[in-house]
Structure formats: structure tokens, C-alpha cells
Amino acid sequence: MARHHDDDDDDEVTERRGSVVVPFLWGLAAGAALGLLFAPMSGEELRADLASRSRKLKDLASQKVDEIEDLVAGGYEEARAKVEERIESAKRTVKEGRQAARDVVEAGRETAQGAREELERRLADAREARRAARRAPDEEPGA
């Protein structure tokens, strides 16, 4: 008979088992401690050896902490530099956009001014032509 297999059951089993790394490390530490205790050394030699090893371990841990601090600081500085670069780029883009808008507005003003002057010139020509047309019929009969 086929057995129903539910994914939720697998999740529960995984959660109960947990990681095997932590128990392994505890076992390793316990084994090392037992090995030292049963080693053919005198108590004084064992204490000296433990002190030496603990100093080496402390130095190694300190060295690793310094390395991690350097990595974090370097990553922070790199990220900060990238953010500042992007901000400056955005500022330049905005500045260029403003200048382009000013140029367009100025060109529009110049075009409008030119069109106005042209319109005023044509209007003046049209008025002059109309005045001339009004004077022309008056001048013909008298001629």
C-alpha cells in the first residue's frame, strides 16, 4: 500500500534534528579536554600547555576579529563611495536638466520675441497699405 508523504512532516523532522555542527563541536571540545586530562603530562605541564594553547587561540581570535573589522570597514567605505558617486551623478544630471530647460525657455523667448517683431512689422505694413488704399481713391478724382 502506498504511503502518503507530506512535506510538512519533513520540516518538523528537520527542525527537531537541527544542525549537526554544534554537537560535533561540543564533542570535539570534550574529546580534546579528555585527551589533555589523560595525557602523560604532569599537572604543571598540562596547565602550562593549556595556558599556551589558550593564548594562541586568543591571539588567533583577535587576529580574525581584526580581519573581519577590516573587511567590514572596507565594505562600508566602498558602499559609501558608491552612494556618494551616485548622488553626485544625480546632482549633475539635475543640473544639466535645469540648464537644458533654461536654454529651451530662452530659445522660446527669443523665438516669441522674433515672432512678435515680425507680427508688428506686418501689422504696420498692413496699416500702411490700408492708409495708402484709402488715400488712393481720394487722389484719383482730383488728378
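In this predicted model, the side chains of Glu-84 and Arg-80 meet in a salt bridge, at 3.2 Å from N to O; the term stands for a side-chain nitrogen of Lys or Arg within 4 Å of a carboxyl oxygen of Asp or Glu. Both residues lie in helix 3 (residues 43–142), 4 residues apart, about one turn of the helix. Glu-84 is partly exposed, with a relative accessible area of 41%, and Arg-80 is partly exposed, also with 41%. Here buried means under 20% relative accessible area, exposed over 50%, and partly exposed in between (1.4 Å probe, protein chains only).

Further along, Glu-120 forms a salt bridge with Arg-116, their closest N and O atoms being 3.1 Å apart. This pair, too, lies in helix 3, 4 residues apart. Glu-120 counts as partly exposed at 43%, while Arg-116 is exposed at 51%. Elsewhere, Glu-118, Arg-121, Arg-122 and Asp-125 are linked in a network of salt bridges. The structure holds 11 salt bridges.

Now for the wider view. The protein has 3 helices and 0 strands; these are DSSP runs numbered from the N terminus (helices: H or I, at least four residues; strands: E, at least two). Of its 143 residues, 2% count as buried.

A word on the basis: residues are numbered from 1 along each chain as its sequence is written, and side-chain values use heavy atoms, with hydrogens and water left out. Because the model is predicted, local features need pLDDT of at least 70 and side-chain atom pairs count only at pLDDT 80 or more, while totals for chains, interfaces and linings use all residues.
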